[in-house]
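Morning, everyone. Please have the sequence and the 3D view open, and follow along as I talk.

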Amino acid sequence: MTLLHHLTGAPPGMTTRALMLRLAGIGAVLAGTAGAFTYAGGWLAPDALTSARVVDRFEQVNGPHPGFRRNHAKGLCVAGTFASNGAGARLSKASVFSAGRVTPVEGRVALAGGQPYAADAAATVRSLALRFRLPEGEEWRTGMNNIPVFPVRTPEAFYEQLLAAKPDPATGKPDPERLKAFFALHPESAKAAALIKARTITAGFADSTFRSLNAFRFVASDGRTTPVRWAFVPERRPEPGSFAQEAQADKNALFDTLAAELRQEPRHWHLVVTLGQASDATDDATLPWPSDRDSVHVGTLTLTGAAPEDAGPCRDINFDPLVLPDGIAPSDDPLLSARSAAYARSFTRRAGEEKMPSAVAGTSPNGASL
Amino acid sequence: MTDSTRFNLPARLLHWSMAALILTMLLIGVAMVTSLADYHALVALHRPLGLLILLLAVLRLANRWRRPPPPLPRDLPVWQRRAAHASHIVLYGLMLAMPLVGWAMLSAARYPVTLVGPFVLPPILPQSPMVYAWLRELHTVLAYGLFATILAHIGAALLHALIRRDGVFASMAFRSGVRSPATPRTGT
């Protein structure tokens, strides 16, 4: 009877060798369980790209801006409704597409990038994020941009591009050599960048077309699925060109103009759903779909008002593109899950931080208040 | 036939099914917070499994209250008896707390708590980013605590099964009569 027998409560008849073996066995089971946990948590692959590293890179490129979104940091809350015309009901069983259904919508217009106080510029990517509140607690959230395709195909390329496109402090512009090296590694991004650069830039938010860029799947009530991309297309014809002069006076001209326009009258966008065919890439957001694809106008978004972030309903909402109602499902696009993960990480970080007022008050510089 | 040296069949079924579910949940949880490619699929699994564990934990407590567990062996040292008692309070507490904290934090963040298809749980807290941030951190800390307690539980269970052989493990096992105190083993 050894001390080990005493400590473990082993019967005296168990040989020390048998006891040691059994203890080793128990240790192996515990080590295996802990090992599985360690493996699942990614601690054995410290070089893998994680949501934390993506958000870290935003903070590295843009500097610290606590309380703000790590991307699309500068924004304004908007609100309105979506009226379905019923044409989408054959494609998706989501109740938001039922004929005659009017769904309340909260949203946010923003400029891409992690600088909450940057001056508005015509070429900066504009975004529209929407939150449709369906009956029974279901929601549809979507974040869209005013560009024809997304600049990268994978989360890894996105991570590399963030650094490659970081403005050089000396020139205020990205290092051309670095960008060249990135595009050499990612020819699909070079093509996408050309399409993005060639887009028509409209006067403001109100006449911009906002696109889902990523593909999704609409699921009909009979189970049939259709690959789709969607766009919110302004009802009023775009008016190019008038933005540049205003920018001189007001750093927030794009936002203030939209807020003023919405004070005058509601603005409308048609939700146009493009139906993909079997040959159309659903896993590559850098590729446009052929222009002859069928598209269906399924309803009208009406924005009726704007409010600054600190007073509006949008600041504390994560416009996670994978908050989807039954009837809309993700495609195989690898960016979707990565966006969901990175948005969640950014949201968790800023949720716990002190909030600073947004640069955008939604008022014009001559003092008209909201 | 009732057997006062073993847990009743519902308790054993609940124990082993929940053991598998909770270990799976911990692995899903720790994987999803770093994963990009599988984040959405893992989160979509994490929510309904969490609710299932909450419901099973309530059932299990009700069954335990109706049919108290068999007593521990009389020769078990007092500190081990206390540790067993305390760890079970922690295990039951966390089985209930983890899903509730998860549900509450998603409520505070105004994420819809989608289960399957169109089914969404209602929020149980008002919207508050600060409360969300605090509960989100708590969810992580409690998960590590639960995992550590489960490791201790597995280690102690195996010690009873392989070394002490005092019937404690057998009281939760499915094969009857193995290594129970009524059938003394080697050289006592």
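One term before we start. A residue is buried if 20 or more other C-beta atoms lie within 10 Å of its own, and exposed if 12 or fewer do. In between, the residue is partly exposed. Keep those cut-offs in mind. Also remember that this is a predicted model.

Find α1 of chain B, residues 9-32. This helix has 24 residues. From its first C-alpha to its last, α1 of chain B reaches 34 Å, close to the 34 Å expected at 1.5 Å a residue. Which residues of α1(B) are buried? They are B:A11, B:I22, B:M25, B:L26, B:I28, B:G29, B:V30 and B:M32. What covers them? The cover includes α2 (39-66) and α4 (129-164) of chain B, and also α2 of chain A.

That brings us to the contact between the chains. Chain A puts in 46 residues, and chain B puts in 38. On the chain A side, α2 (16-40) and α9 (334-351) each supply at least two residues. Which element gives the most? α2(A) does, with 11 residues. By class, the chain A side has 25 nonpolar, 15 polar and 6 charged residues.

Now chain A as a whole. Count 9 helices and 10 strands. The C-alpha trace spans about 90 × 60 × 45 Å along its principal axes. Of the 370 residues of chain A, 46% count as buried. The domain assignment gives two entries for chain A: domain 1 covers 3-40, and domain 2 covers 51-351. Their centres, taken over C-alpha atoms, are 56 Å apart. Look at contacts in chain A between residues at least 6 apart in sequence: 72% of these join residues at least 24 apart.

Next, the nonpolar cores. The largest has 112 residues. Its members that touch the most other members are A:L76, A:V109, A:L258, A:A306, B:M105 and B:A109. A second, separate core has 7 residues, including A:A10, A:M14, B:A161 and B:I163.

Start with A:T304, in strand β9 (residues 295-307) of chain A. Why does A:T304 count as partly exposed? Because it has 14 C-beta neighbours inside 10 Å. Leaving out residues up to four places away in sequence, A:T304 touches A:A79, A:G80, A:L262 and A:P266. A:H268 sits 36 residues from A:T304 in sequence, and the two are 9.0 Å apart, C-alpha to C-alpha.

The other two are about phi. Most residues other than glycine have a negative phi. A:E136 is not a glycine, yet its phi is positive, about 65 degrees. Find A:E136 in the loop between β3 (126-133) and β4 (139-145) of chain A. B:R110 also has a positive phi, near 60 degrees. B:R110 is in the loop between α3 (78-108) and β1 (113-114) of chain B. Buried or exposed? A:E136 is exposed, because 12 other C-beta atoms lie within 10 Å. B:R110 is buried, because it has 20 other C-beta atoms within 10 Å.

Last, confidence. The model scores ipTM 0.92 and pTM 0.92. Chain B has a mean pLDDT of 92, and 91% of its residues reach 70 or more. But over residues 177-188 of chain B, the pLDDT is below 50. Beyond near neighbours in sequence, that stretch has 23 contacts in the model. Where pLDDT is low, the predicted coordinates should not be read in detail.

How values were computed
Residues are numbered from 1 along each chain as its sequence is written. Chains are lettered from A and ligands numbered from 1 in the order in which they are written. This is a predicted model: local features need pLDDT of at least 70, side-chain atom pairs count only at pLDDT 80 or more; totals for chains, interfaces and linings use all residues. pLDDT is the predictor's confidence in each residue, from 0 to 100. Two residues are in contact if their C-beta atoms, placed from the backbone, lie within 7 Å. A nonpolar core is a set of buried Ala, Val, Leu, Ile, Met, Phe, Trp, Tyr and Cys residues joined through C-beta atoms within 7 Å. Helices (H or I, at least four residues) and strands (E, at least two) are DSSP runs, numbered from the N terminus. Domain bounds come from an automatic or database domain assignment. Ala, Val, Leu, Ile, Met, Phe, Trp, Tyr, Cys and Pro count as nonpolar, Asp, Glu, Lys and Arg as charged, and the others, Gly among them, as polar. The expected span of a helix is 1.5 Å times one less than its number of residues.
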